[in-house]
Amino acid sequence: MQAVLPYNVIRKSIHVKRNIKRVKMNKFRVGDKAIKPKGYAFPCTVVGVFETLAGNVRVVGEMDEYGLLHIFNETQLEKVEDE
C-alpha cells in the first residue's frame, strides 16, 4: 500500500522542482568564489543559490576564514575570477 503524503508536502515538492530550472540561469553557482565589495569584507564561497517564494534570487555565502553563513541578494556580491 502506498503512503499518502499531506497536501502541503506534495505542494512544496512541486514548488522546489519548478524553481530548479530558474536557478540554473543565475549569476552565481555553488562553488563560485565571491566578495562583498561594499561595506564590511566578506570573502566567501557560494554554497547555495535559491529563489524565495516571491521569486527573488538569494545567494548563500560561506565566509572563507570563519565558516560563517550569510544570505545575500545577487547584487550584493561580485564573482572572484580564478587567477
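A: The structure, a predicted model, holds one aromatic pair. Its members are Phe 42 and Phe 72. The geometry is edge-to-face: the centres lie 5.2 Å apart, with 70° between the planes. Planes over 60 degrees apart count as edge-to-face. Phe 42 belongs to the loop between E1 and E2, while Phe 72 belongs to strand E4, so the pair ties together parts that are 30 residues apart in sequence.

Phe 42 has 2% relative accessibility and counts as buried. Phe 72 has 0% and also counts as buried. The cut-off for buried is under 20%.

The charged end of Lys 36 sits over the ring of Tyr 40. The distance to the ring centre is 3.9 Å.

Now the chain as a whole. The protein chain has one helix and five strands. In sequence order the pattern is α-β-β-β-β-β. The strands form an open sheet, ordered E4-E3-E2-E1-E5, with antiparallel pairing. Strand E4, which spans 69-73, is an edge strand, and so is strand E5, at 78-79. Each of these two pairs on one side only. Phe 72 of the aromatic pair therefore sits in strand E4, one of the edge strands.

Follow the pairing from E1. Strand E1 covers residues 33-35, and strand E2 covers residues 44-51. Two bridges join them, and they run antiparallel. Lys 33 has Thr 45 in E2 as its bridge partner. The loop between E1 and E2 is the one that holds Phe 42.

E2 continues to E3. Seven bridges join E2 to strand E3, residues 57-63, again in the antiparallel sense. Here Thr 45 stands opposite Glu 62 in E3. The hairpin of E2 and E3 has five residues between the strands. In that hairpin Gly 55 takes a positive phi near 95°.

E3 then meets E4. These two strands pair over five bridges, antiparallel. Glu 62 stands opposite Leu 69 in E4. The hairpin of E3 and E4 also has five residues between the strands. Gly 67 takes a positive phi there, near 80°.

How covered are these strands? E2 is mostly covered, with six of its eight residues buried. In E3, five of the seven residues are buried, so this strand is largely enclosed by the rest of the structure. For the protein chain, buried residues make up 27% of the 83 residues.

One more residue deserves a look: Asp 32. Asp 32 lies in the loop between helix H1 (7-23) and E1. With 19% relative accessibility, Asp 32 counts as buried. A polar atom of its side chain lies 2.8 Å from the backbone nitrogen of Arg 29. Leaving aside residues up to four places away in sequence, Asp 32 touches Lys 27, Cys 44, Thr 45, Val 46 and Lys 79.

Two totals close the picture. Among contacts with a separation of 6 or more in the protein chain, 34% are between residues 24 or more positions apart. The protein chain exposes about 6,600 Å², of which carbon and sulfur atoms supply 57%.

Methods
Residues are numbered from 1 along each chain as its sequence is written. Side-chain values use heavy atoms; hydrogens and water are left out. Two strands pair if DSSP finds at least two bridges between them. Helices (H or I, at least four residues) and strands (E, at least two) are DSSP runs, numbered from the N terminus. Rings of Phe, Tyr and Trp (its six-membered ring) pair if their centres lie within 6.5 Å; planes under 30 degrees apart count as stacked, over 60 as edge-to-face and the rest as tilted. Buried means under 20% relative accessible area, exposed over 50%, partly exposed in between (1.4 Å probe, protein chains only). A charge sits over a ring if NZ of Lys or CZ of Arg is within 6 Å of the ring centre and within 35 degrees of the ring normal. Contact means heavy atoms within 4.5 Å. Accessible areas come from the Shrake-Rupley method with a 1.4 Å probe; for residues, only the protein chains shown count as cover. A polar contact is a pair of N or O atoms within 3.5 Å; within protein, one must be able to donate a hydrogen and the other to accept it, and residues adjacent in sequence count only if both atoms are side-chain atoms.
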